[in-house]
Amino acid sequence: MARTTTADARKKDTREKIELGGLIVKAGLRYEKRALLLGALIDVSRRLKSEDQERSRLLAIGVEAFGKSDE
């Protein structure tokens, strides 16, 4: 039973990472250097902790981008 739970958790983790990688592609950043992507994500993470307006602004951009992919 524990083996199944571990395997299921690994599959779920792998799927989540694949989906997150897809976001990088969707944002048009596929060919950027990993260090740049990580730096950008760390910067955003820090700003989101202190700026509620930035969170709302970025959320609106993301919602719009997902909406356009349905067309």
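**Close-up views of side-chain contacts**

At 48% relative accessibility, Arg15 counts as partly exposed, since that class spans values between buried, under 20%, and exposed, over 50% (1.4 Å probe, protein chains only). The model is predicted: local features need pLDDT of at least 70, side-chain atom pairs count only at pLDDT 80 or more, and totals for chains, interfaces and linings use all residues. Residues are numbered from 1 along each chain as its sequence is written, and side-chain values use heavy atoms, with hydrogens and water left out.

**View A. Arg15 and Glu19 form a salt bridge.** The closest N and O atoms are 3.6 Å apart; the criterion is a side-chain nitrogen of Lys or Arg within 4 Å of a carboxyl oxygen of Asp or Glu. Both residues lie in helix α1 (residues 2-26), four residues apart, about one turn of the helix. Helices are DSSP runs (H or I, at least four residues), numbered from the N terminus. Glu19 is partly exposed at 45%.

**View B. Salt bridges link Asp43, Arg47, Glu54 and Arg57 in a network.** Arg47 pairs with Asp43 at 3.1 Å between the closest N and O atoms, and with Glu54 at 2.7 Å, N to O. Arg47 and Asp43 both belong to helix α2 (residues 34-50). Glu54 is buried, with a relative accessible area of 10%, while Arg47 is partly exposed at 27%.

**View C. Leu20, Leu23 and Phe66 form a nonpolar surface patch.** Together they have about 290 Å² of accessible area, from the Shrake-Rupley method with a 1.4 Å probe. Patch residues have over 30% relative accessible area and no salt bridge; nonpolar side chains (Val, Leu, Ile, Met, Phe, Trp, Tyr) are joined within 5 Å, like charges within 9 Å. Phe66 lies in helix α3 (residues 52-69).

Definitions and conventions. Helices (H or I, at least four residues) and strands (E, at least two) are DSSP runs, numbered from the N terminus.
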